[in-house]
Amino acid sequence: MVTLNIDDLQQIDKFRDLQLILRDRWKTSELFDNSEADILIIPSLSIDQRELLKVEGCEHYEERLLFSLMRLRNPRTRLIYVTSMPLHPSIIDYYLQLLPGIPFSHARHRLLLLSTYDASLKPLSQKILERPRLLERIHKALRLDKAFMVCYNSTFWESELSLKLGVPLYAAAPDLQIWGTKSGSRQIFQESDVPLPDGSELVKNSADLANVAADLWERQPTLQRMVIKLNEGFSGEGNALLDLKPIMDFAPGKADHIQRVAAISDRFPHLRFQSSQETWANFSQRIPELGAIAEAFIEGEIKHSPSVQGRITPTGEVEILSTHDQILGGPDGQIYVGCRFPADKNYRCELQELGLRVGKKLAEKGALERFSADFITVDKGNGQWDIQAIEINLRKGGTTHPFMTLKLLTNGRYDLSTGLFYSQQGRPKYYIATDNLQKASYQGLLPNDLMDIIAHHRLHFDSGTETGTVFHLMGCLSQFGKLGLTSIGDSPEEAEDIYNKVVEVLDHETSGDHHNHAIFSDYNFPMTGDGYSC
């Protein structure tokens with residue numbers, strides 16, 4: 001846990017005082033009315049940069065909040081979007097053309113795009129603070145009595161930026177980010193009476209980690225595997241799998257505690273990491289800095305990874321926004337690849353209830369705005385599912401932009417009684433989304449090339465039928481062959497068909513090598529029926 005000095009505490013107090021203004025302004029971010037607002041978007045990924053580097057194309061992930069441009073459908077909203085490097089003009093044009101009922105020129109006039117022209121690995125918020133002239137330009141462009149700031153996650157960089165500009169940030173205060181760590185999440189789950197796997201307290205060195213892992217094995221003698229987690233991670237990149245099967249001779253009842261600790265310690269260099277770039281030598285060096293925990297790995301033949309998303313308003317209300325079934329990849333299914341909306345009808349209403357408990361506890365702690373809770377569900381047969389909470393995210397995540405894209409495009413509503421989202425025409429909507437459609441054959445495609453393909457094959461979102469695909473992470477395409485998309489349909493099957501059509505078209509258009517596989521093609525999208533009631 002970070003120790004705060006007196007300057008940090010004073011900054012937090014000032015930050016919270018400024019946030020009180022949000023009580024009068026926050027609804028402007030949700031309502032499609034004619035109220036005036038200036039929204040400052042700072043898509044800074046202010047997380048551990050060494051962990052972020054494991055995500056290919058991470059320098060383009062500032063594009064994931066570009067769904068916010070759809071807020072310009074309110075004709076009296078102005079928006080400032082700041083990035084590390086300039087965005088390709090066709091990417092901006094693409095989003096503005098999605099706006100229903102708003103002339104392109106009118107929306108473009110209300111959008112100010114700014115850049116630091118700095119591709120270094122520093123967080124964007126830090127880059128802005130290091131450029132006083134850019135800071136001043138942002139300040140002059142804002143109507144301070146109508147402005148608020150939105151970010152990806154909230155750290156002391158965002159807090160300082162908020163205070164320098166005099167603009168309230170709609171996010172949890174930096175000192176509350178502890179509740180989004182692995183150990184902090186476990187504490188919230190325990191205090192909220194939300195089921196979670198057995199696990200350890202936070203430790204700060206490898207010797208203590210081996211000891212708490214041995215304690216966990218003694219409490220759960222039938223364990224086959226454990227997950228070793230850095231206390232702070234991104235998209236599962238800080239997780240590693242400890243396989244106990246090779247050291248079963250040291251299992252509880254066969255050896256003493258000291259022998260068991262030694263055997264586990266000897267296995268650490270053989271951990272299965274989710275990133276091919278990771279090694280035990282590097283991972284172990286992060287433990288004194290970030291801390292780590294050991295947690296029981298949840299086994300099961302039929303197992304899903306759902307999540308529930310919520311929001312805590314500036315006035316203290318807790319709202320459930322959505323549920324998803326996450327689609328995970330990596331060697332052991334620990335890496336976030338994409339999601340399917342909504343979650344399985346067999347457990348999505350229970351997820352909503354558990355998410356509400358988590359949200360209320362976070363609200364008691366003083367948290368604000370977005371949160372999500374990740375779970376593992378295991379089919380026990382006869383319609384029964386075992387549900388275990390895994391972690392909390394106090395930030396926007398991989399499920400934020402697809403859901404907000406759907407909401408802002410359709411101006412529809414989420415129905416708690418069914419766990420479904422309905423458009424204004426009363427149609428339930430479904431989608432499949434990913435940040436990780438990636439192929440070597442896609443490398444070299446420029447954003448303009450993608451626009452040509454979208455137009456020629458009519459892959460775009462149709463505002464009349466409210467179905468189709470919305471693309472993102474287009475800046476990743478040329479260098480990394482990587483693309484994000486959200487495929488929206490009127491049924492789970494239609495959403496899958498629309499997604500598959502996009503892959504088929506891109507494959508055909510880049511068909512120099514027919515043996516390439518889209519990363520997403522390795523994962524199935526289990527369709528479990530509509531389920532119109534909870």
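Visitor: Which residues are buried in H9?

Guide: Lys 182, Ser 183, Gly 184, Ser 185, Arg 186, Ile 188 and Phe 189 of H9 are buried. Buried stands for under 20% relative accessible area, exposed for over 50%, and partly exposed for what lies in between, with a 1.4 Å probe and protein chains only. This is a predicted model, in which local features need pLDDT of at least 70, side-chain atom pairs count only at pLDDT 80 or more, and totals for chains, interfaces and linings use all residues. Residues are numbered from 1 along each chain as its sequence is written, and side-chain values use heavy atoms, with hydrogens and water left out.

Visitor: What makes helix H9 mostly covered?

Guide: Helix H9 spans residues 182–191, and seven of its ten residues are buried. The cover over these buried residues includes S5, S6, S8, helix H13 (348–365), strand S12 (369–381) and strand S13 (384–393). The names follow DSSP runs numbered from the N terminus: helices are H or I with at least four residues, strands are E with at least two. Just after H9, Asp 193 takes a positive phi of about 60 degrees.

Visitor: Why is H15 called oblique to H17?

Guide: Helix H15 (residues 447–457) and helix H17 (residues 492–509) pack at an angle of about 120 degrees, and their axes are 11 Å apart. Axes are lines fitted to C-alpha atoms, for helices over the stretch in contact, and angles between N-to-C directions run from 0 to 180 degrees. Under 35 degrees counts as roughly parallel, over 145 as roughly antiparallel, 65 to 115 as roughly perpendicular, and the rest as oblique. The angle of H15 and H17 therefore makes H15 oblique to H17.

Visitor: Which residues make the contact of H15 and H17?

Guide: H15 contributes Leu 450, Ile 453 and His 457, while H17 contributes Lys 501, Val 505, Leu 506 and Glu 509. Contact here means heavy atoms within 4.5 Å. By class, the contact has four nonpolar, one polar and two charged residues. Ala, Val, Leu, Ile, Met, Phe, Trp, Tyr, Cys and Pro count as nonpolar, Asp, Glu, Lys and Arg as charged, and the others, Gly among them, as polar.

Visitor: What makes S7 and S8 edge strands?

Guide: They belong to an open sheet of four strands in the order S7-S6-S5-S8, with antiparallel pairing. Strand S7 (272–273) and strand S8 (292–296) each pair on one side only. Two strands pair if DSSP finds at least two bridges between them. Strand S6 (residues 239–243) and S7 have two bridges in the antiparallel sense, and Leu 241 stands opposite Arg 272 in S7. Helix H12 (residues 280–290) packs on this sheet and touches strand S5 (225–230), S7 and S8, with its direction at about 60 degrees to that of S5.

Visitor: How many bridges join S2 to S3, and in which sense do these strands run?

Guide: Five bridges join strand S2 (residues 77–83) to S3, and the two run parallel. Ile 80 stands opposite Leu 112 in S3. The sheet here is an open one of four strands, in the order S3-S2-S1-S4, with parallel pairing. Its edge strands are strand S3 (111–115) and strand S4 (147–151), each pairing on one side only. Helix H7 (residues 132–141) packs on the sheet, touching strand S1 (37–42), S2 and S3, and its direction makes about 170 degrees with that of S3. Helix H8 (residues 156–165) packs on it as well, touching S1 and S4, at about 165 degrees to the direction of S4.

Visitor: Why is Asn 411 counted as partly exposed?

Guide: Asn 411 has 23% relative accessibility, so it counts as partly exposed. Its place is in the loop between helix H14 (400–410) and strand S14 (413–415). Asn 411 has a positive phi of about 55 degrees although it is not a glycine.

Visitor: How do you know whether Leu 473 is buried or exposed?

Guide: The relative accessible area of Leu 473 is 0%, so this residue is buried. Leu 473 lies in the loop between strand S17 (468–472) and helix H16 (477–480). Its phi is near 55 degrees, a positive value in a residue other than glycine.

Visitor: What makes Ile 376 count as buried?

Guide: Ile 376 has 15% relative accessibility and therefore counts as buried. The residue is found in strand S12. Leaving aside neighbours within four places in sequence, Ile 376 is in contact with residues including Ile 298, His 304, Pro 306 and Ile 390. The C-alpha atoms of Ile 376 and His 304 are separated by 5.9 Å, although the two are 72 residues apart along the chain.
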